[in-house]
Amino acid sequence: MKRVLVIFNKNSGRAKLRCRKKMIAKQLELLGLQYECIPLPPKGEEIDFEETEKKFHFDIILIAGGDGTIRTV
């Protein structure tokens, strides 16, 4: 089963993102994918993708922006 990491900005575009988060989760579930949602770290900190990959082995990483945009990394 493929695993998806969804990274979101919890501070910007909250209303749009709440709706998008539910839609993203529903679509991933319909596709039979496992997923994990994590917020962006505080400003000035970075996500250690190498460590995250070792821990969780994600196949796909999605970035959900505060304006409702969704990007694949």
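Q: What makes a residue of this chain count as buried, and what share of the 73 residues does?
A: Buried means under 20% relative accessible area, with over 50% called exposed and anything in between partly exposed (1.4 Å probe, protein chains only). By that test, 26% of the 73 residues are buried. Please keep in mind that this is a predicted model, where local features need pLDDT of at least 70, side-chain atom pairs count only at pLDDT 80 or more, and totals for chains, interfaces and linings use all residues. Residues are numbered from 1 along each chain as its sequence is written, and side-chain values use heavy atoms, leaving out hydrogens and water.

Q: How do you know which elements the chain has?
A: Helices (H or I, at least four residues) and strands (E, at least two) are DSSP runs, numbered from the N terminus. The chain has two helices and four strands, in the order β-α-β-α-β-β from the N terminus on.

Q: Why is strand 1 called largely enclosed?
A: Strand 1 covers residues 3–8, and five of the six are buried, so the rest of the structure largely encloses it.

Q: What makes strand 1 and strand 2 a pair?
A: Pairing takes at least two DSSP bridges between two strands. Six bridges join strand 1 to strand 2 (residues 34–39), and the two run parallel; Phe-8, for instance, has Pro-39 as its bridge partner.
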